[in-house]
Amino acid sequence: MAIISSGGPTGRVPGAGGGQASPAAPERLVDPTARPEEEPVVREDGLRPRRLADYIGQSELKQVLRIAVEATRRRQEALDHVLLYGPPGLGKTTMALVLAEELGVRCRITSAPALERPRDIVGLLVNLQPREVLFIDEIHRLNRVAEEILYPAMEDFRLDLTVGKGTTARTRSLDVAPFTLVGATTRAGSLSSPLRDRFGLIQRLEFYGLADLEAIVVRAAGLLQLPLRPCAAQEVARRCRGTPRIANRLLRRVRDVAAVGGHGQIDAALVDAALSLHRVDGRGLDASDRRLLRLMLEAYGGGPVGLETLAAGLGEDPATLEAVVEPYLLQLGFLQRTPRGRIVTAAGRAHLDGPAAVAA
């Protein structure tokens with residue numbers, strides 16, 4: 001399967017790759033958004049699965065797509081358009097590449113911010129070959145003009161183009177090859193209804209369970225030729241926030257420490273030492289997470305306290321706190337949002353006082 005990029009030298013624009021953090025957000029080891037070196041069109045490191053059989057987790061999604069792919073093969077048609085949504089880092093881009101591999105076609109990768117002008121998306125569509133996959137990341141950020149061009153292309157495989165201006169303007173129709181649009185978004189609710197309704201398959205990717213994450217870490221360790229013990233795989237899985245992208249990133253940092261220290265076998269103690277060096281504790285919290293919880297406990301008695309007050313106390317942008325730091329704390333139940341402000345829960349207090357927390 002060939003991967004063809006669009007929208008710049010790497011097929012990406014700054015910030016592309018499964019959700020966006022605030023521009024002011026510092027780079028964090030546990031940030032689920034993709035980094036440039038992790039993009040598939042920049043570097044093929046072999047950690048991404050290529051077939052559905054190799055894709056770990058998301059069993060319901062795989063079952064739905066396996067049936068759709070097999071039916072499409074038998075009919076020799078293009079697969080229905082697919083919308084994948086969910087938090088960043090769960091494998092939306094990977095699934096698009098897997099679908100293209102299963103269909104035996106190329107995958108063209110771009111992102112919505114790269115399709116600012118009509119000619120950008122028209123150029124992509126007219127160059128598609130029959131049954132190819134077009135992957136658009138951050139599809140909720142498509143502008144209205146791009147959406148209007150996509151509507152007839154998705155429904156009737158036709159482009160309606162306006163030629164000329166003023167009284168001499170006329171509309172021409174241009175056929176495009178049957179193709180499959182795979183859209184990825186972290187904000188499914190931000191898609192317009194007309195665009196969302198044109199997808200035949202709409203599927204959500206869920207956070208991964210511990211068993212699936214351990215299997216992902218073991219598979220990645222095998223590909224990286226790391227002598228990883230089962231207890232070490234479990235330790236990495238516990239700290240990756242239910243996100244395979246973070247699991248692979250943590251595993252690379254463990255590999256660095258093992259290589260520099262000359263360790264033969266990687267065990268749980270080494271994983272703990274390596275990730276503690278990066279200030280990632282036993283539940284996947286990093287220094288930014290713990291700073292927020294400690295400020296709330298020590299300065300405001302655990303809350304309630306307003307977002308603006310917390311941002312001022314931490315020297316952070318409020319949007320960064322809300323979009324980058326808070327979601328995982330809310331997911332763990334360490335933090336609550338109330339009409340009066342944020343509150344640290346009993347579980348959050350217990351974690352900071354427990355042995356699993358790393359000194360900030």
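Where is the place of Asp281? Asp281 sits in the loop between helix 9 and helix 10 (287-300). Helices here are DSSP runs of H or I with at least four residues, strands are E runs of at least two, and both are numbered from the N terminus. Asp281 is buried, at a relative accessible area of 0%. The classes are buried under 20% relative accessible area, exposed over 50%, and partly exposed in between (1.4 Å probe, protein chains only). The side chain of Asp281 makes a polar contact with the side chain of His351, at 2.8 Å. A polar contact is a pair of N or O atoms within 3.5 Å; within protein, one must be able to donate a hydrogen and the other to accept it, and residues adjacent in sequence count only if both atoms are side-chain atoms.

This is a predicted model, in which local features need pLDDT of at least 70 and side-chain atom pairs count only at pLDDT 80 or more, while totals for chains, interfaces and linings use all residues. Residues are numbered from 1 along each chain as its sequence is written, and side-chain values use heavy atoms, with hydrogens and water left out.

**Salt bridges**

Side chains of opposite charge can pair when their charged atoms come close. The structure holds 23 salt bridges. The criterion is a side-chain nitrogen of Lys or Arg within 4 Å of a carboxyl oxygen of Asp or Glu. Three of these pairs are tabulated here.

| Salt bridge | N to O distance |
|---|---|
| Glu70 and Arg73 | 3.4 Å |
| Arg239 and Asp272 | 2.5 Å |
| Glu322 and Arg342 | 3.8 Å |

Take the Arg239 and Asp272 salt bridge. Arg239 lies in the loop between helix 7 (230-238) and helix 8 (244-261), and Asp272 lies in helix 9 (residues 268-277), so the pair ties together parts that are 33 residues apart in sequence. Arg239 is buried at 2% relative accessible area. Asp272 is partly exposed at 35%.

The side chains of Glu322 and Arg342 also meet in a salt bridge. This pair links distant parts of the chain, with Glu322 in helix 12 (residues 318-332) and Arg342 in strand 10 (residues 341-344), 20 residues apart. Glu322 is partly exposed, with a relative accessible area of 36%.

Salt bridges that share partners join Arg51, Glu70, Arg73, Arg74 and Glu102 into one network. Within it, Glu70 and Arg73 form a salt bridge. They are three residues apart in helix 1 (residues 59-75), which means a separation of about one helical turn. Glu70 is partly exposed at 31%. Arg73 is partly exposed at 33%.

**Annotated arginines**

Which residues does UniProt mark as "binding site"? The unreviewed entry places that feature at Arg337 and Arg342. UniProt positions are given in the numbering used here, feature names are shortened, and annotations may be inferred rather than shown by experiment.

Arg337 is in strand 9 (residues 335-338). At 41% relative accessibility, Arg337 is partly exposed. Arg337 touches Glu322, Glu326, Leu330 and Arg342, not counting residues up to four places away in sequence. Contact means heavy atoms within 4.5 Å. A polar atom of the Arg337 side chain lies 3.5 Å from the backbone oxygen of Glu322.

Is Arg342 buried or exposed? Arg342 is buried, with a relative accessible area of 11%. Leaving aside neighbours within four places in sequence, the contacts of Arg342 include Met296, Pro304, Val305, Leu310, Glu322, Glu326 and Arg337.
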